[in-house]
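Hi there,

Here is the structure I promised to pass on to you. Have a look at it first, and then read my notes below.

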Amino acid sequence: MERGGYQLARHALVSLFKLVFPPACPLCKKTLPGGATDIFCSACRAGIVPLPRAHCPRCLQPFRGVSHSGHLCGRCLQTPPAFSGVFAVGLYEQSLRRAVQSFKFNQHISLDRPLARLLDDHLVPPPAVDLIVPVPLHVRDLQKRSYNQSLLLARELARLRKCPLHETLLLKTRQTAAQHQLSARQREANLAGAFSLAERVDGLDVLLVDDVMTTGATVEHCSRVLLAGGAKQVSVVVIGRAA
């Protein structure tokens, strides 16, 4: 079969497959209307809460009770973070909370592609990136969960951006308590000395990938290790930013 005939046959097969198995919203499984270009249904898309206009430009901490502000938050002023900036799809609420929890705890790993597409869409303006690196899990936590959700996101994001990925550059060498159970001060102490670097990254701009940012302790510790290993700068991208 000539190339033109092959492509026509392939297009016909794809169209038939979509007719028999119409695309569905990856979050709620509702069938998407014909010709839909969005990856989520309108209801789930409407449930993605954007960051408020008033937020810290460095760590994206939302400012409550303020309509617009571009100044740094008190934490970033007092102790400038190691990372140069953070990109997030939106607030860790409603649709993004459901998506992350389903992806992270309920084995719905097929959410990796749609969530990575959201990450890619929100890297605006695009940062300089030489290498994409996921936040690691300790080996015992990886055995319990069977996969690292940040690694799955990083793989897909690297594919979309055609950027090198180093899956094992960052290592978590000490098991720590669950961060969501701790205060900001406890989170900082909990992660002290928990990460190490497999090799140096001299002069490279690194994009660090995680699912959720709450106080920023995890990405802060990872960024410090990367900078100590020679990284030029570290940018962070997450699905949800906790308010």
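There are 8 salt bridges in this predicted model, where a salt bridge is a side-chain nitrogen of Lys or Arg within 4 Å of a carboxyl oxygen of Asp or Glu. Side chains of opposite charge can pair when their charged atoms come close.

One of them joins Asp 211 to Lys 104, with 3.1 Å between the closest N and O atoms. Asp 211 sits in the loop between β5 (205-209) and β6, and Lys 104 in helix α4, so this pair ties together parts 107 residues apart in sequence. Helices (H or I, at least four residues) and strands (E, at least two) are DSSP runs, numbered from the N terminus. Asp 211 and Lys 104 are both buried; buried means under 20% relative accessible area, exposed over 50%, and partly exposed in between (1.4 Å probe, protein chains only).

Another salt bridge pairs Glu 156 with Arg 113, the closest N and O atoms being 3.4 Å apart. Here helix α7, which holds Glu 156, is linked to helix α5 (residues 112-121), which holds Arg 113, and the two residues are 43 apart. Glu 156 is buried at 10% relative accessibility, whereas Arg 113 is partly exposed at 48%. Arg 159 joins Arg 113 and Glu 156 in a network of salt bridges.

Arg 161 and Asp 120 also meet in a salt bridge, at 2.5 Å from N to O. Arg 161 is in helix α7 and Asp 120 in helix α5, so parts 41 residues apart in sequence are tied together.

Now for the largest pocket, which has a volume of about 870 Å³. On a 1 Å grid over the protein atoms alone, a pocket is an open set of points where a 1.4 Å probe fits, with protein on both sides within 12 Å along at least five of seven lines; lining residues have an atom within 4 Å of a point. The volume is the space filled by probe spheres set on the points, which are joined across faces, edges and corners. The lining has 34 residues, and Lys 104 and Asp 211 are among those nearest the centre. Helix α4 gives the most to this lining, with 5 residues.

Two notes on reading all this: residues are numbered from 1 along each chain as its sequence is written. Local features need pLDDT of at least 70 and side-chain atom pairs 80 or more, while totals for chains, interfaces and linings use all residues, and side-chain values use heavy atoms, leaving out hydrogens and water.

Best wishes
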